[in-house]
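Work through the exercises below with the sequence and the model side by side. Try each task before reading its solution.

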Amino acid sequence: MKLSDKIAAYNSSRPFYTFEFFPPRTDQGFENLIPRISRLSTLNPLAISVTWGAGGSTRERSIDLAGLTQSDYGIDTVLHLTCTNMLPGMVDDALRAAKVRGIQNVLALRGDPSRGTEHWTPVDSQFTRGIDLVKYIRSSPEFSSHFCIGVAAYPEGHPDRETDEDGSLNVLKEKVDAGADFIVTQLFYDADPFLEWVDKVRAKGITVPIIPGVMPIQTYSSFLRLIKLCGVKVPPSVMAAMEPICHDDQLVKDYGVGLAVDIIRKITSTGTIKGIHFCTLNLEKSVQLVIEKLQWAGSSPTMKNRLIAARPMIHVQLTNSSDLVIDPTTATNTATSALTFKQTLDPDPGRGELNNAATWDDFPNGRFGDYKSPAFGAQDQWGGSGLSQYEGLSEWGHPKMSSSPFSSLPLSPESLTILPHLEQLTKRGWWTISSQPAVDGACSTDEVFGWGPRGGYVYQKGFVEFFVEEQDLEKIEKKIKEKGQGWVHYFAGNLQGECRSNVPDDGRNAVTWGMFPGQEITQTTIIERESFLTWKDEAFSIWAEWASFYPPGSEERELLNSVRMERWLVSIVHHDYKRPDALWTFLLDGEL
């Protein structure tokens with residue numbers, strides 16, 4: 001059903017809500033996301049949406065996921081659709097694929113450029129902006145009447161800062177005038193400026209529903225990364241409230257839930273906002289808690305003992321006492337619904353992956369976490385990388401950088417503890433991009449190493465990742481084989497698709513884990529072949545993106561492209577976490 005029709009027909013006393021998901025990077029993550037969506041669907045969202053990766057990088061997975069939720073699970077689904085990397089005819093193909101699967105809603109976006117592209121460059125000149133998608137769909141006899149179209153809006157301004165506020169409002173008005181049926185906004189953490197922006201939108205004569213994007217804070221580090229990627233402004237009061245709890249992931253998550261509740265209550269209290277768009281990041285617990293605290297989820301129905309009428313005659317005889325009789329089908333559905341509701345709203349926190357799929361990846365830590373998690377990977381609200389040429393040149397265009405394309409934030413206090421070792425590796429020509437020190441039972445609230453809920457202990461194996469030339473890789477492999485004694489495992493891959501390793505095909509290295517009161521051991525960062533290969537492909541695409549910020553033929557571009565073409569990405573883990581210097585001694589002592 002069209003979302004615009006569902007909104008028009010919605011008559012509940014509470015606001016409606018929608019959930020946003022992105023297609024996981026791995027097959028295992030994809031498989032685990034489907035039951036997660038199914039569980040969240042018991043909260044009765046008006047619809048869900050599925051993002052479209054930067055440059056159309058996830059289009060097949062996006063269509064597959066949206067098709068499953070729409071056709072197989074009967075959940076009205078909004079498919080994001082962007083202009084980027086869409087060859088002539090691809091827009092038609094995507095719209096037809098959506099139509100065949102029963103999808104009637106699309107969110108028309110310009111989208112982020114694909115990596116390796118200078119500025120935003122349309123592949124199909126017919127589509128250069130989100131409005132072009134709106135106009136095209138509305139002008140097509142094949143698609144016009146079938147699709148309900150949403151568009152994006154940026155209450156705090158577009159991250160590219162291509163125009164001022166009035167210009168952005170004019171662009172939004174053009175998209176609505178072209179045929180858009182609803183608006184979904186960029187996330188925000190300050191309600192007052194948002195409400196002021198809504199008034200300005202309405203003053204422009206825009207009357208379609210505005211659905212604000214809300215993303216509960218999951219962890220402090222991911223929050224900092226996200227607000228930088230999306231260009232979101234954060235009130236000083238929020239940063240001040242998080243500062244004393246930033247080393248307790250559970251308190252941060254709890255604060256994120258409370259903040260989301262406060263924002264939602266404020267923006268919906270005026271009556272102008274009728275619904276909320278939850279950006280889930282493929283995690284379910286926080287969104288579920290927000291809805292529960294808002295008392296929007298209802299409650300488990302009160303059950304009375306009733307006679308299951310196996311024969312129609314019994315049912316007819318008791319029509320005047322319908323609260324005493326129920327037919328077999330209704331009895332089954334009612335029991336199933338009640339059990340599902342109970343399991344969804346009251347999970348046993350901290351149970352392991354196999355015992356409770358709702359919470360086992362609640363504390364993603366490290367670059368990706370577990371490749372089997374639906375939340376494996378990182379991106380911005382719309383499914384993009386969030387990088388721009390301006391940021392690239394201003395932040396990475398000189399020798400001393402506070403961040404890099406591989407890490408949007410400065411070195412963490414944890415990384416600073418091993419900085420002398422990283423500097424030695426870099427002097428060898430091994431360009432490090434990710435690392436962690438060995439940790440043996442630090443308190444979970446430790447200001448440098450802690451994560452997860454308080455009262456626990458966390459552990460880490462020494463780990464480092466860098467780019468090297470092939471001749472150095474061969475020396476490293478030789479040393480691991482001759483002197484590693486089973487303590488050292490590695491993966492190495494290049495742009496051409498070659499992969500080397502001494503890890504068994506089914507081997508999995510848990511490099512970060514924690515033990516917390518009343519919970520099973522939580523493994524938050526796992527390195528194995530599939531996660532390494534997934535990251536390897538992205539890492540080499542980052543070199544291409546960085547190079548694209550410089551003119552063709554420039555020394556900078558040639559250097560960055562040569563790194564991408566000639567070097568290997570190497571990931572090394574030393575398993576002796578009780579010796580803080582074990583990894584660094586192995587790599588740096590003696591000759592390779």
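**Exercise 1. How many bridges join strand β2 (residues 47-50) to β3, and do the two run parallel or antiparallel?**

Solution. First, know the source. This is a predicted model: local features need pLDDT of at least 70, side-chain atom pairs count only at pLDDT 80 or more, and totals for chains, interfaces and linings use all residues. Residues are numbered from 1 along each chain as its sequence is written, and side-chain values use heavy atoms, with hydrogens and water left out.

Next, the terms. Strands (E, at least two residues) and helices (H or I, at least four) are DSSP runs, numbered from the N terminus. Two strands pair if DSSP finds at least two bridges between them.

Now count. Three bridges join β2 to β3, and the strands run parallel. Look at S49: V78 in β3 stands opposite.

**Exercise 2. Find the strand order of the open sheet that nine strands form.**

Solution. Step one: read off the order, β7-β6-β5-β4-β3-β2-β1-β9-β8. The pairing is parallel. Step two: find the edges. They are β7 (210-211) and β8 (213-214), each pairing on one side only. Step three: check one edge. Two bridges join β6 (residues 182-185) to β7. V184 has I211 as its bridge partner in β7.

**Exercise 3. Decide how many residues of strand β3 (residues 77-82) are buried.**

Solution. Start with the cut-offs: buried means under 20% relative accessible area, exposed over 50%, partly exposed in between (1.4 Å probe, protein chains only). Six of the six residues of β3 are buried, so the strand is largely enclosed by the rest of the structure. Take the faces in turn. T77, L79 and L81 lie on one side, and V78, H80 and T82 on the other; both faces are covered. Then move to the neighbour. Five bridges join β3 to β4 (residues 105-109), running parallel. T82 stands opposite L109 in β4.

**Exercise 4. Compare the span of helix α18 (residues 529-548) with the expected value.**

Solution. The expected span is 1.5 Å times one less than the number of residues. α18 has 20 residues, and 28 Å is expected. From first C-alpha to last, the helix reaches 29 Å, close to that value. Now check its cover: 15 of its 20 residues are buried. Last, look at its start. A side-chain oxygen of E528 comes to within 2.8 Å of the backbone nitrogen of E530.

**Exercise 5. Classify the packing of helix α10 (residues 249-268) and helix α11 (residues 285-293).**

Solution. Two packed helices are described by the angle between their axes and the distance between the axes. Here the angle is about 45° and the axes are 9 Å apart. That makes α10 oblique to α11 (under 35 degrees is roughly parallel, over 145 roughly antiparallel, 65 to 115 roughly perpendicular, the rest oblique).

**Exercise 6. Locate R225 and state how far S407 is from it in space.**

Solution. R225 is in helix α8 (residues 220-230). Its relative accessibility is 27%, so R225 counts as partly exposed. R225 and S407 are 182 residues apart in sequence, yet 8.8 Å apart in space, C-alpha to C-alpha.

Technical notes: A polar contact is a pair of N or O atoms within 3.5 Å; within protein, one must be able to donate a hydrogen and the other to accept it, and residues adjacent in sequence count only if both atoms are side-chain atoms. Axes are lines fitted to C-alpha atoms, for helices over the stretch in contact, and angles run from 0 to 180 degrees between N-to-C directions.
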